[in-house]
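Please have the sequence and the structure open while reading.

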Amino acid sequence: QEMLDLNWSSSRKYAKAPNIMVLIDFFNSISGWVADCLLQKQKFEERVKEVKKFIRRAHELRRYNNFNGAQEICAGLNESSVYRLSKTWLKVESSDKKLWADFEELKRELSPDKSWKVYRAHLKSISPPCIPYLGVYLTDLTFIEDGNPNYLNTTDDRDDIINFDKCRKQAVVIANVVLYQQDRYNFTPVPVIASFFSSGLLYENDKNVLHQRSRSIEPPEVVKEARRKAEKKRVASLQKAKPVKTPKTPKTP
């Protein structure tokens, strides 16, 4: 019932979709916490290490098929105040090629491009247990709700013909959610970690404050210079990879 009628986006969402809202709020708190943790690191090297830690954590979550958790961390790393830290990201890339390549692959896998094509294909190939990314299902249900009426138009002006095609589409999405609720992880709870995340994370969620903090640790001129170096490096890499044409041997008359 929570997944019908866009209940999670209504004015009474906490009453109509309490469980979905718990997941959404937890997602937002983790991504916000990630951004806040990174922007608290005033020292450059400490900030680079912190980014690497979160990338490794995202990979661990992905390794255990926790796509929702991996996406939470990626969302924090993609927060605009973090994303603009070009000098930090350039150092992360240059100091650990393997980690950076794995991170790029993870982002490709979780990309929303072409309606999450890569992610959907990969999800079908894995074995449970799994925590899929909830946002994909909510997006699908939103498109179904917005693009299909509850009742069909008829030539005799009846208004009680239920649109069963819409119901079928909704049922397919919800069935996929239920499918991944059947298998549980066989983990031993660690009380101190569980308490840390369940008690409510304290983090700065004011976007203006985060942006000011970001500009303080990497001013615009520093970001601009880092982006110039990154572009120069990219162009050099492309030129290096470009095959050299072998000149043709002129024909003997």
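## A buried loop residue

The model is predicted. N163 sits in the loop that runs between α9 (134-147) and α10 (164-179). Is N163 buried or exposed? Its relative accessible area is 7%; buried means under 20%, so N163 counts as buried.

The residues that N163 touches, leaving aside those up to four places away in sequence, are N148, P149, N150, Y151 and L152. For Y151, 12 residues from N163 along the chain, the two C-alpha atoms are 4.9 Å apart.

## The α6 and α7 pair

Two packed helices are described by the angle between their axes and the distance between the axes. For helix α6 (residues 86-95) and helix α7 (residues 97-109), the axes come within 5 Å and cross at roughly 115°. Angles from 65 to 115 degrees count as roughly perpendicular, and α6 and α7 are therefore roughly perpendicular to each other.

Which residues of α6 meet α7? On the α6 side they are W89, V92, E93, S94 and S95, and on the α7 side K97, W100 and F103. By class, the residues of this contact are four nonpolar, two polar and two charged.

## The largest pocket

Rolling a probe the size of a water molecule over the atoms shows where empty space is left. The largest pocket has a volume of about 1700 Å³. Its lining is made up of 39 residues, and F26, L61, N66, G69 and I131 are the ones nearest the centre.

Six helices each supply at least two lining residues to the largest pocket: α2 (18-39), α3 (44-63), α4 (67-77), α9, α10 and α11 (191-198). The biggest contribution to this lining is from α2, with seven residues. The lining divides into 26 nonpolar, seven polar and six charged residues.

## The second largest pocket

The second largest pocket holds about 500 Å³ of space. Of the 17 residues that line this pocket, Y83, W89, E93, W100 and A230 lie nearest its centre. W89, E93 and W100 also take part in the contact between α6 and α7.

Which helix gives the most to the lining of the second largest pocket? It is α13, with six residues. At least two lining residues come from each of α6, α7 and α13 (220-241). The residues around this pocket are eight nonpolar, two polar and seven charged.

Definitions and conventions
Residues are numbered from 1 along each chain as its sequence is written. This is a predicted model: local features need pLDDT of at least 70, side-chain atom pairs count only at pLDDT 80 or more; totals for chains, interfaces and linings use all residues. Side-chain values use heavy atoms; hydrogens and water are left out. Axes are lines fitted to C-alpha atoms, for helices over the stretch in contact, and angles run from 0 to 180 degrees between N-to-C directions. Helices (H or I, at least four residues) and strands (E, at least two) are DSSP runs, numbered from the N terminus. Angles under 35 degrees count as roughly parallel, over 145 as roughly antiparallel, 65 to 115 as roughly perpendicular and the rest as oblique. Contact means heavy atoms within 4.5 Å. Ala, Val, Leu, Ile, Met, Phe, Trp, Tyr, Cys and Pro count as nonpolar, Asp, Glu, Lys and Arg as charged, and the others, Gly among them, as polar. Buried means under 20% relative accessible area, exposed over 50%, partly exposed in between (1.4 Å probe, protein chains only). On a 1 Å grid over the protein atoms alone, a cavity is a set of points where a 1.4 Å probe fits but cannot get out, and a pocket is an open set with protein on both sides within 12 Å along at least five of seven lines; lining residues have an atom within 4 Å of a point. Grid points are joined across faces, edges and corners, and a volume is the space filled by probe spheres set on the points.
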